[in-house]
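Have your viewer ready and your selection tool at hand.

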Amino acid sequence: MSVIENEAPVRDTGEVVLSLTGINKRFGAVQALTDVELTVLAGEVVALVGDNGAGKSTLVKTIAGVYQPDAGVIEFAGAPVTVAGPAGAQQLGIATVFQDLALCDNLDVVANLFLGKEHHLGPVLNEVTMEREAWRLLRSLSAKIPSVRIPVAGLSGGQRQTVAIARSLVGSPKVVLLDEPTAALGVAQTAEVLNLVERLRNQGLAVIMVSHNMADVQAVSDRIVVLRLGRNAAEFRTEEATTDQLVAAITGASDNVVAQRAARRAAHPEASQ
Amino acid sequence: MTDQLTDPPTPAVDAADERLVRVVSPADYLRQLGGRLRGGDLGMLPVIFGLVAICAFFYSREPTFLSSRSLVTMTLYAAPLGVIALGIVLVLLLGEIDLSVGTVSGFTSATTAVMFVSHGQSLALSILVAIALGALIGGGYAVLFVWVGVPSFVFTLAGLLAFEGALYWVLGDQGTINLPRDSGLPEFTRQKFLSDAQGYALVAVVVAVYVGSRLWAIRQKRAAGLTPPNLLGVVIKAAALAIGLGWLTYYLGIDRGWGYLPVLFAGLVVLMDLLLRRTRWGRYVYAVGGNEEAARRAGIRVGMVYGSVFVLCSTFAALGGVLVAGQLTTVSQSSGTTDTNLTAIAAAVIGGTSLFGGRGSAYSALLGILVLQAIRTGLNLMNVDSDVRLIVTGAVLLLAVAIDSVARRARSSSGRG
C-alpha cells in the first residue's frame with residue numbers, strides 16, 4: 001500500500017448546513033410527521049433513531065426530495081429551498097444512499113460510481129479519467145476495493161456499501177444521508193462502514209445516519225435525534241446519552257422490561273454479577 | 001539514490017491493493033480465464049466451441065461443407081437474418097423481447113417491393129420508406145411500453161399478428177412480387193463482391209485501427225498512472241486478427257470473396273458493439289438491463305433508453321427484411337412469417353446474450369447466426385428435410401438457454417452477478 005495522507009480532521013462545526021423546521025407530512029389518515037425539527041452542522045454526524053413507524057424513512061425521503069412536505073421549511077446553507085425531486089436534492093448537494101444501495105450488479109465499480117454522471121470526450125466515454133477519479137475517491141475514503149474493473153456483484157456487502165457511499169460523493173455534496181448503512185452487514189464490514197462515516201465527517205460533510213443499531217449509533221454519531229410517532233421525542237449529545245435513556249426515548253416509556261432490568265441492576269449491582 | 005533503493009517502486013494506482021490477483025504472465029492469464037469460466041462468466045466461449053464442433057461434424061460427413069463456395073454462400077445467407085438478430089440483441093439486453101421482427105421485416109419489405117415494382121418509385125425511396133416504417137413501428141412499441149406500460153411480450157405478439165395482416169393487405173391480390181434481378185437491391189445482396197485487393201485492404205485497415213486504438217489506450221492509461229494493457233497481449237491479438245481475417249479473405253477469395261452484404265452486416269455489428277461499450281447510451285442500456293430502478297435513481301431517462309432500443313430493433317428488422325427480399329428477389333405472403341422470428345431470436349440467444357437482461361454483446365448476433373446458418377447449410381448438404389432442421393435448431397436453442405441459465409446460477413453463487 002502506498003502512503004495515504006493522514007486526514008487531519010477539518011471540522012468546521014458550527015456552520016449549519018441543513019435545517020428543517022416544523023415539517024408536517026400526512027398520508028391519508030396517517031399523520032406521519034408532526035412539526036419535526038432537524039439541524040445538521042458541517043462535520044457532524046447526526047443519528048436519526050426511532051422505532052418502526054416513527055417517521056425516520058418519511059423524514060429521510062423528504063430531505064432526499066422523494067416526498068414533498070405538507071408544511072414546514074427546509075433551509076439549505078441558510079437559504080430556504082424546496083427540494084423538488086431526487087435530482088433537485090442532488091443538485092443542491094444532498095446525496096442519499098438508500099438502503100438497497102441501487103447498484104447495477106452487471107456493471108463494474110467505475111461504471112456504477114459514475115452512472116448518470118459519466119465523463120466523456122465527445123460521444124465516447126472517457127474510461128481513463130473515470131478510472132483515475134474512481135481510485136482517488138476510494139482512496140479518500142481509505143476504501144478497500146481490490147479492483148474497480150470487476151462487476152459490483154463480486155463485492156462483499158461492506159464493499160458494496162462503500163461503492164454506494166463513494167458514489168454519493170461524486171457530485172461533491174454537502175450533506176450525505178445514509179439509510180440503515182449497517183443493516184445487512186457482518187461485524188467486520190460494519191466496522192468498515194463506520195470508519196467510512198467517520199471519514200465523511202472528517203472531510204467536513206454533514207452526515208445524517210438512520211439506524212436501528214444503538215451500538216453503531218453510539219460508536220459514530222455526535223448527536224442523536226429520536227423520533228417517536230412522527231414527533232421529535234428527544235435529542236442527545238452522544239457522549240452524554242446512555243442506552244437506557246435512548247431506549248426510553250424511543251419506546252416512549254421508562255416502564256418496560258428493558259428499563260426495569262436496568263433499574264434493578266442499578267439498584268443491586270451485585271445481583272447482575 | 002538511497003530513497004530509490006529503499007522504497008519499493010510505487011505500484012500503479014489500480015494495482016496498489018495487495019489482495020488483488022496480479023495478472024502478469026500468460027500463465028496468470030490462463031488461470032484467471034479458468035476462474036472466470038468456473039464462476040459462470042462464459043461470454044462467447046460456448047458458442048465458439050459449438051461453432052467449431054458443428055463445422056467439424058458436417059465436414060466429417062460432407063467435405064464440401066467447408067469449401068470456399070459453401071462458406072461464401074453461408075456468409076451471404078447469414079447476413080440479412082443477422083441484421084434482424086442484432087436488433088433482438090439490443091432488446092434482450094434490456095431484458096425485453098420483440099416477437100414481431102419477422103412479420104415487421106415481411107411487411108416493410110413488401111412495402112418496398114410494392115412501391116418499387118408496382119408503383120415505379122425509385123429504389124432508394126422505396127427502401128427509405130421501409131426503414132422509416134420500421135422506425136415508426138418501433139416508436140409505437142416505445143409509446144406502448146413506456147407510457148401505457150404494456151409488457152413487451154404482449155404488444156410484440158399483437159404486432160406479430162397485425163403486421164402479418166398488414167403484409168397481406170400491402171400485397172393485395174398479387175400474392176407474390178418479383179424484384180427485377182438487374183435492379184440495385186438484388187445486385188447488392190447477390191452479386192456484389194469485394195475484389196481480393198479490396199478485401200486485403202479492408203483487413204489491413206481493421207487491424208491497423210485495432211492496434212492504433214490499443215496503443216492509444218496504453219498511452220492514456222500510462223499517463224494517468226493506471227496499469228496499461230499488456231503490449232505483448234496486444235501484439236498477439238493483433239497478429240491473430242490479421243492472420244485469421246487474412247486467411248479467411250484468401251479462402252473466400254478462391255470462390256467469390258467477401259460479399260457486400262456480409263461486409264455491411266459485419267460493419268453494423270462492429271458499430272453496435274462500439275456504441276454499446278463506448279458511449280453513454282450503451283452504458284445506459286446495460287444499466288437499465290441490469291437494474292432499472294438503480295438506473296432511474298441515477299438520473300438516467302429510462303424511457304428514452306427503452307424507446308431508442310425498440311426503435312432500433314424494428315429498424316434493423318425492416319433493414320433485414322429488405323435485404324432478405326433482395327436476396328430472394330421476391331416478396332410473397334410468406335415473407336418473414338415462417339421462421340424468421342425465431343431464427344433471429346434464437347441467433348441472439350445462442351450467441352450468448354442473456355434472456356435475463358444486462359449481459360451480452362453485439363457479436364452474439366454474428367456468432368449465433370453463423371451457428372444457425374452452419375446447421376442449415378450442413379443439413380441441406382446432407383439432404384436432410386426441413387423437419388429435422390427445425391428439430392435440430394430447436395435443440396440448439398434449448399441448449400443455449402440451458403447454458404445461459406446454468407451460467408447465471410454459477411454467477412450468483414460465485415459473486416459475478
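Predicted model: local features only at pLDDT ≥ 70, side-chain atom pairs only at ≥ 80, totals over all residues.

Before the first stop, one cut-off: a residue is buried under 20% relative accessible area, exposed over 50%, and partly exposed in between. Asp100(A), with a relative accessible area of 48%, is therefore partly exposed.

**Stop 1: chain A as a whole**

Select chain A and colour by confidence. The average pLDDT of this chain is 83, and 89% of its residues score at least 70. Now pick residues 1-12 of chain A, where pLDDT stays under 50. For that stretch the model has 20 contacts beyond four places in sequence.

Switch to a cartoon view, and you can look for 9 helices and 12 strands in chain A. Of its 273 residues, 50% count as buried. Among the chain A contacts with a separation of 6 or more, 64% are between residues 24 or more positions apart.

**Stop 2: the second largest pocket**

Next, select Gln90(A), Thr96(A), Lys117(A), Arg297(B) and Ala298(B), the lining residues that lie nearest the centre of the second largest pocket. Its lining has 29 residues in total, and the space inside is about 620 Å³. Which elements give two or more residues to this lining? From chain A they are α2 (85-92), β6 (94-97) and α5 (157-168), and from chain B α13 (292-297). Helix α2(A) gives the most, with 5 residues. If you colour the lining by class, you will see 16 nonpolar, 8 polar and 5 charged residues.

**Stop 3**

Is Arg297(B) buried or partly exposed? With a relative accessible area of 29%, Arg297(B) is partly exposed, and so is Asp100(A) at 48%.

**Stop 4: two salt bridges in chain B**

Select Asp255(B) and Arg69(B), whose side chains form a salt bridge at 3.5 Å, N to O. The two residues are 186 residues apart and link distant parts of the chain: Asp255(B) sits in the loop between α10 (231-254) and α11 (260-278), and Arg69(B) in helix α4 (residues 68-93). Asp255(B) counts as partly exposed, at 24% relative accessibility.

Then move to Asp273(B) and Arg277(B), which meet in a salt bridge of 3.0 Å, N to O. Why are these two separated by about one helical turn? Because they are 4 residues apart in helix α11 of chain B. An α-helix has 3.6 residues a turn, so residues three or four places apart point the same way. Asp273(B) counts as buried at 6% relative accessibility, whereas Arg277(B) is partly exposed at 39%.

A search over all chains finds 22 salt bridges in the whole structure.

**Stop 5: helix α12 of chain B**

Finish with residues 280-290 of chain B, helix α12, which is mostly covered: 8 of its 11 residues are buried.

Conventions: Residues numbered from 1 in each chain as written. Chains lettered and ligands numbered in written order. Heavy atoms only, no water. pLDDT = per-residue confidence, 0-100. Contact = heavy atoms within 4.5 Å. Buried < 20%, exposed > 50% of the residue type's maximum accessible area, 1.4 Å probe, protein only. 1 Å grid on protein atoms, 1.4 Å probe; cavity = no way out; pocket = protein on both sides within 12 Å on 5 of 7 lines; lining within 4 Å. Points joined across faces, edges and corners; volume = space filled by probe spheres on them. Nonpolar A, V, L, I, M, F, W, Y, C, P; charged D, E, K, R; others polar. Salt bridge = Lys/Arg side-chain N within 4 Å of Asp/Glu carboxyl O.
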